[in-house]
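Please look at the sequence and the structure together before reading on. The report below takes up strands, sheets and helices in turn.

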Amino acid sequence: MVKEILLSELPVGRCGRVVSLRAKGMTRRRLLELGLVPETKIKTIRYSPLGDPTLFQFRGTLIALRWEEARQVLVSLESL
Amino acid sequence: MCYGEDPEYTGAVIVALAGNPNTGKSTIFNALTGLNQHTGNWPGKTVLKAQGTYIFHGKKYVMVDLPGTYSLQAGSAEEQVARDFLCGKRLQATVVVTDATCLERNLNLVLQVMEVTSRVIVCVNLIDEAQRKKIFIDLDGLSAELGVPVVATAARSGTGLEELKVKIEEISFGRIITNPRRLVYDPDIEEAVALIEQNLPGSVKEHYNPRWFALRIVEGNQSFLKEIEKLKWGAPCEPYRISYSGPDSKNHISGSRIHNLTRGQA
């Protein structure tokens, strides 16, 4: 059974795979255009000093997402 | 949305430089035009378009450096500047600058630009950086898949710039006819697009790629629809847009474009 969590809850250093996006409209499009389509592997790198945004690594680049965006991405937790 | 006739453009070949943020567009721009537009590594550096000229084989080229964008969907000021310019008439060639070290994430914009215009050259920049990282780019394969010329460059050292100028010349004067890969969307979307295309007035078809125009209407892109309203014939669009009742076409188009890109990848 694969555990599914919100991207905003993916701990630093852990990898996940995008399952689906809960976002709608422009936010959804934005996330898709950044490359967050299902099956994309993503890793949490670190939190900013104030906790938001959070730095993620996917498709060969580092991208910071706000909590508001990250919590709209459903990921499956990759086993360690 | 149309750019007016700028006197500086008279008789010159107009070339646009598009690309994701931070792919080295401004470095290419400076290398080609000999200008020293500010380059720097932070987002939003080039919000307004900068332009410069160069002469190649006795012909004047006006090069327009567009702001870096991930998309042409006009969700931001930068995207709108880029989109409006690319859609405008009289553009003879568009160079899409991509980052060789993370090519995949740049291809979404390439496909979007190819939907607007067929006169596209893909410039795979930072090829020196990619080599250092042991990344090999199959340029011929990429060109065959996309149906447009692909040139590898390392703008900082000048590698590939001559070839880029040659390709720009060949595209601008119609010596190369490209065959851009066309994305086929779901049947219901294609049906709506075909219907709208048939009904577009001739004045629109003269200035815009009809398929692109129709896709944006189906998509219900707000900033685009606002622009259309400014055109005299704007009214007829509305019924067609409403005639498509499928689920959230906007996301569908974006989603299937990206899905198409990443097909077959683990």
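## The sheet of chain B

In what order do the strands of the open sheet in chain B lie? In this predicted model, the sheet has 6 strands in the order β2-β3-β1-β4-β5-β6, and their pairing is mixed. The edges are formed by β2 (residues 50-56) and β6 (residues 150-152) of chain B, each of which has a single partner strand, so one side of each is left without a neighbour in the sheet. On average, and ignoring direction, neighbouring strands of this sheet are turned by 25° against each other.

As an example of a residue pair, Gly52(B) has Met63(B) as its bridge partner in β3(B).

## A helix packed on the sheet

Helix α3 of chain B, which spans residues 107-116, packs on this sheet and touches β1 (13-19), β4 (93-99) and β5 (120-125) of chain B, while its direction makes about 170° with that of β4(B).

Is α3(B) mostly covered or mostly exposed? The helix is mostly covered, since 9 of its 10 residues are buried. Among the buried residues are Leu107(B), Leu109(B), Val110(B), Val113(B) and Met114(B), and the list also includes Asn108(B), Gln112(B) and Glu115(B).

## Two crossing helices in chain B

Elsewhere in chain B, the axes of helix α7 (residues 187-199) and helix α9 (residues 210-219) come within 9 Å and cross at roughly 120°. The two helices, α7(B) and α9(B), are therefore oblique to each other, and their crossing is right-handed.

Which residues make this contact? From α7(B) come Ile189(B), Ala192(B), Val193(B), Ile196(B) and Glu197(B), and from α9(B) come Pro210(B), Arg211(B), Ala214(B), Leu215(B), Ile217(B) and Val218(B). Sorted by class, the contact of α7(B) with α9(B) has 9 nonpolar residues, 2 charged residues and no polar ones.

## Strand pairing in chain A

In chain A, strand β2 (residues 15-21) pairs in the antiparallel sense with strand β3 (residues 41-47) over 3 bridges, and within this pairing Arg17(A) has Lys41(A) as its bridge partner in β3(A).

The strand β2(A) also pairs with β6(A), residues 73-77, again in the antiparallel sense, and here there are 5 bridges. The bridge partner of Val18(A) in β6(A) is Val75(A).

Technical notes: Residues are numbered from 1 along each chain as its sequence is written. Chains are lettered from A and ligands numbered from 1 in the order in which they are written. This is a predicted model: local features need pLDDT of at least 70, side-chain atom pairs count only at pLDDT 80 or more; totals for chains, interfaces and linings use all residues. Two strands pair if DSSP finds at least two bridges between them. Helices (H or I, at least four residues) and strands (E, at least two) are DSSP runs, numbered from the N terminus. Axes are lines fitted to C-alpha atoms, for helices over the stretch in contact, and angles run from 0 to 180 degrees between N-to-C directions. Two residues are in contact if their C-beta atoms, placed from the backbone, lie within 7 Å. Angles under 35 degrees count as roughly parallel, over 145 as roughly antiparallel, 65 to 115 as roughly perpendicular and the rest as oblique. A crossing is left-handed if the near helix is turned anticlockwise from the far one by less than a right angle, and right-handed if clockwise. Ala, Val, Leu, Ile, Met, Phe, Trp, Tyr, Cys and Pro count as nonpolar, Asp, Glu, Lys and Arg as charged, and the others, Gly among them, as polar. A residue is buried if 20 or more other C-beta atoms lie within 10 Å of its own, exposed if 12 or fewer, and partly exposed in between; C-beta atoms are placed from the backbone.
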